[in-house]
Amino acid sequence: MKVLHTSDWHLGQQFYEHNRTQEHNAFLSWLCDTLAEQAIDLLVIAGDIYHTATPPAYAEQQLYTFIKHAKASRPALQVVIIAGNHDSANRIETAKPLLQAFDTQVVGRYNKHAPEEVVLSIASEQGPLTVVAMPFLRAGDLTLDNQLPDAYQQGVNAAYHQSISHALSIKQGPLLVMGHLHAKGGDISSDSERNIAIGGFDSINASIFSDHADYVALGHLHKSQRVAKSEFIRYCGTPMPMSFSERHYQHQVLIVQFNAQTCTSVIPLLVPRYQDVCLLPEKGSATLDELCELISQLPSEQDTPPLYVRLRLNATETDSQFRAKIDAALAGKHVLFCGIERVRPNADHDQQAQFDDLGSVEQLDPAQLLDLAFKHHMGSTEQVPDAIQQCLAHVLTTLDEVDQS
Ligand SMILES: [Mn+2]
């Protein structure tokens with residue numbers, strides 16, 4: 001059986017206030033063609049289909065239109081979708097009965113009293129496959145022993161253990177486990193995975209997927225990567241840039257081949273980039289005059305989709321008219337303007353830029369923010385004590401529960 005693994009579409013996302021509908025459409029149309037060309041039997045989407053729990057109507061329509069087109073171009077296709085932390089567990093299941101008619105299964109929430117509900121048996125002409133479709137786990141979905149410092153991790157562990165045990169008891173063919181979480185050993189894209197630690201401060205150890213899983217299809221981290229050095233525990237990453245830090249990264253989906261017993265190969269397939277992202281200047285910062293000169297070299301022609309452009313202005317620049325001058329330089333340019341960072345020369349560049357721009361502070365996850373604030377006050381070599389980290393984790397878990405109720 002041939003599986004295509006993708007995740008983190010974030011349909012409905014605005015990139016610095018710019019609508020991304022066309023970009024998403026370009027990806028979905030490429031994916032439709034790819035499903036047919038590659039003769040994919042099963043498409044697995046490992047969470048964060050939408051960017052928010054209440055996606056705009058056009059984003060929901062994009063998903064449904066895609067499924068309709070995908071089934072038309074590849075009639076044998078089956079689809080499994082799990083909810084990520086950005087998705088609403090309930091809302092994503094709304095169309096479940098209708099989607100079943102298109103061989104599409106959606107799992108929004110894990111029910112700890114019915115772990116078998118996340119276990120799916122997929123039958124195809126190529127033989128059977130058993131799937132554990134585990135959505136993002138919120139503290140409220142789990143049995144938590146709050147006496148334990150790692151109560152959330154233990155709860156996640158138990159949920160995977162119970163559902164995988166059930167899968168093994170009915171298993172036919174290889175076992176594919178899906179999840180949306182931060183597994184240990186994963187490399188984080190610096191600024192685009194907010195809320196990453198909600199519900200659990202630390203990442204989850206990859207051993208929870210058990211030795212019985214033939215392939216683990218993960219979502220949540222935005223760069224494709226192996227977990228715990230395993231060929232078969234993978235993040236596929238988002239199909240398009242979610243932040244300027246991903247500007248040089250090649251977004252991809254993974255083609256996963258199974259024989260009757262196990263996973264035999266995992267091959268990345270690069271997603272063509274529809275709209276490029278560009279930082280001006282690429283490194284460091286520029287004076288106002290230098291920036292205006294760089295902007296003058298940007299394209300004015302309308303024949304390709306516009307570039308996303310973010311500017312890095314030297315913080316020592318004192319011209320109070322800088323915004324008006326930049327606006328004038330940008331006039332007529334075929335670009336989507338994504339703001340100005342004030343960058344202090346010689347400062348620890350990336351960190352400093354984050355604090356000069358409230359937009360990027362918002363994109364830090366709470367753990368990173370605590371770490372930066374602690375270092376700022378206590379000296380750069382100090383580590384945040386465990387007790388303080390756990391205190392923050394507790395606050396986040398509680399907030400998340402309030403959010404869910
Ligand atoms: Mn996520």
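**View 1. L120 in strand 7.** L120 sits in strand 7, which covers residues 119-124. Helices and strands here are DSSP runs, numbered from the N terminus (H or I for at least four residues, E for at least two). This is a predicted model, in which local features need pLDDT of at least 70 and side-chain atom pairs count only at pLDDT 80 or more, while totals for chains, interfaces and linings use all residues. Residues are numbered from 1 along each chain as its sequence is written. L120 counts as partly exposed because 17 other C-beta atoms lie within 10 Å. For reference, buried takes 20 or more other C-beta atoms within 10 Å of a residue's own, exposed takes 12 or fewer, and partly exposed is in between, with C-beta atoms placed from the backbone. Setting aside neighbours within four places in sequence, L120 is in contact with V80, Q105, V131 and A133. In contact means that the C-beta atoms of two residues, placed from the backbone, lie within 7 Å. V131 is eleven residues from L120 along the chain, and their C-alpha atoms are separated by 5.0 Å.

View 2. D8 belongs to the loop between strand 1 (2-6) and strand 2 (14-15). Its phi is near 55°, a positive value in a residue other than glycine. Most residues other than glycine have a negative phi. D8 counts as buried because it has 28 C-beta neighbours inside 10 Å. Q13 is in the loop between strand 1 and strand 2 too, and with 23 other C-beta atoms within 10 Å, Q13 is buried. Leaving out neighbours within four places in sequence, Q13 is in contact with R20 and H51. Look for M242 as well: it is 229 residues from Q13 along the chain, yet their C-alpha atoms are separated by 9.0 Å.

**View 3. E17, between strand 2 and strand 3.** Is E17 buried or exposed? E17 counts as exposed, with 10 C-beta neighbours inside 10 Å. You'll find E17 in the loop between strand 2 and strand 3 (18-19). E17 is not a glycine, and its phi has a positive value, near 75°.

**View 4. Helix 1 against helix 2.** Two packed helices are described by the angle between their axes and the distance between the axes. For helix 1 (residues 21-37) and helix 2 (residues 57-73), the axes come within 9 Å and cross at roughly 20°. That makes helix 1 roughly parallel to helix 2. The axes are lines fitted to C-alpha atoms, for helices over the stretch in contact, and the angles run from 0 to 180 degrees between N-to-C directions. Angles under 35 degrees count as roughly parallel, over 145 as roughly antiparallel, 65 to 115 as roughly perpendicular and the rest as oblique. The crossing of helix 1 and helix 2 is right-handed. On the helix 1 side, T21, H24, N25, L28, C32, D33, L35 and A36 make the contact, meeting Y58, Q62, F66, H69, A70 and S73 of helix 2.

**View 5. Helix 4 and its buried face.** Helix 4 takes in residues 151-170, 20 residues in total, and spans 29 Å from its first C-alpha to its last, close to the 28 Å expected at 1.5 Å a residue. Which residues of helix 4 are buried? They are Y152, Q153, G155, V156, A159, Y160, S163, I164 and A167. Seen down the axis of helix 4, these buried residues fall within an arc of 165°, so they line one face of the helix. An α-helix has 3.6 residues a turn, so residues three or four places apart point the same way.

View 6. A cis peptide bond joins L280 and P281, with omega at about -15°. P281 is in the loop between strand 15 (277-280) and helix 5 (288-296). Helix 5 and helix 6 (residues 322-330) pack at an angle of about 15°, their axes 9 Å apart. That makes helix 5 roughly parallel to helix 6. Helix 5 contributes L288, L291, C292, I295 and S296 to the contact, and helix 6 contributes F322, K325, I326, A329 and L330. E293 is in helix 5 as well, and with 13 C-beta neighbours inside 10 Å, E293 counts as partly exposed. The C-alpha atoms of E293 and A329, 36 residues apart along the chain, are separated by 8.3 Å.

Notes. Expected span 1.5 Å × (residues − 1). Arc of directions from axis to C-beta. Left-handed = near helix turned anticlockwise from the far one by under 90°.
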